[in-house]
Amino acid sequence: RYGLAKANTGLIDKYNNILKEEPDNEKVKYDLVWCYYRNGMSDKCIEVLTGFTPSEENRCEYYDLLGRNYMYIKEYDKALESLFAWRDAILDIPEDDQSEKAVKNRNRFCYVNYYIGECYLNIKNYEEARKYLEDTLKLIEEMSDSASKQRIDEKVNYIFNKEIVKLLIKY
């Protein structure tokens, strides 16, 4: 983990230098944000992301990153706003668009539902949480990528198990 953080620190310097010369380079901004994200620097991610408006083609990545970073700093209302924007961006992808990026974004629909459910759990809105987590479980069954399917299934089961334990402790 230390090696990754050190590598990201070098890349952060590189990307910041590029942005001094090319301040509107959206791709470099995302590369920079991913480095901050992997180093646990949510405040820096949010600072970069809220400093520009995403292009139409990058709305999914933008709101994915913004929503997750707001989640990590426990600003759940802002996270939900961003996650719903991510969800809407996925739903806006034309069905006939079979580009690699479109397919990748559509395949992440279960993730956005999972993160929305997790936010609702954190603000104790259990009815909404259940709705989105149940939708996630249904979407998992439809996934063809077995590695992604296993990863999201583990996340959902962890959340359900964690909440069941919390309820049992109360009684």
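Begin by selecting asparagine 105, which in this predicted model is buried, with a relative accessible area of 11%. The place of asparagine 105 is in helix 6, which covers residues 100–107. If you now display the surroundings and set aside the neighbours within four places in sequence, the residues in contact with asparagine 105 are Cys60, Ile90 and Ile93.

Next, select residues 42–49 as helix 3 and residues 59–72 as helix 4, and look at how the two lie against each other: they pack at an angle of about 140 degrees, with their axes 9 Å apart. That angle makes helix 3 oblique to helix 4, and the crossing of the pair is left-handed. To see the contact itself, show the side chains of Ser42, Cys45, Ile46 and Leu49 on helix 3, together with those of Tyr62, Leu65, Leu66, Asn69, Tyr70 and Tyr72 on helix 4.

Stay with helix 3 and colour its buried residues, which are Ser42, Cys45, Ile46, Val48 and Leu49. Around the axis they cover an arc of only 165 degrees, so they are on the same side of helix 3. These buried residues pack against helix 2 (26–38) as well as helix 4, whereas on the other side of helix 3 you will find Asp43 and Glu47 exposed.

Move on to residues 126–142, which form helix 8; this helix has 17 residues and reaches 25 Å from its first C-alpha to its last, close to the 24 Å expected at 1.5 Å a residue. Which residues of helix 8 are buried? Select Ala129, Tyr132, Leu133, Thr136, Leu139 and Ile140 to see them, and then turn the view to look down the axis of helix 8, where these buried residues fall within an arc of 115 degrees and therefore line one face of the helix. The face turned away from this buried side carries the exposed residues Glu127, Lys138, Glu141 and Glu142.

Technical notes. Residues are numbered from 1 along each chain as its sequence is written. This is a predicted model: local features need pLDDT of at least 70, side-chain atom pairs count only at pLDDT 80 or more; totals for chains, interfaces and linings use all residues. Side-chain values use heavy atoms; hydrogens and water are left out. Helices (H or I, at least four residues) and strands (E, at least two) are DSSP runs, numbered from the N terminus. The expected span of a helix is 1.5 Å times one less than its number of residues. Buried means under 20% relative accessible area, exposed over 50%, partly exposed in between (1.4 Å probe, protein chains only). The arc is that of the directions from the helix axis to the C-beta atoms. Contact means heavy atoms within 4.5 Å. Axes are lines fitted to C-alpha atoms, for helices over the stretch in contact, and angles run from 0 to 180 degrees between N-to-C directions. Angles under 35 degrees count as roughly parallel, over 145 as roughly antiparallel, 65 to 115 as roughly perpendicular and the rest as oblique. A crossing is left-handed if the near helix is turned anticlockwise from the far one by less than a right angle, and right-handed if clockwise.
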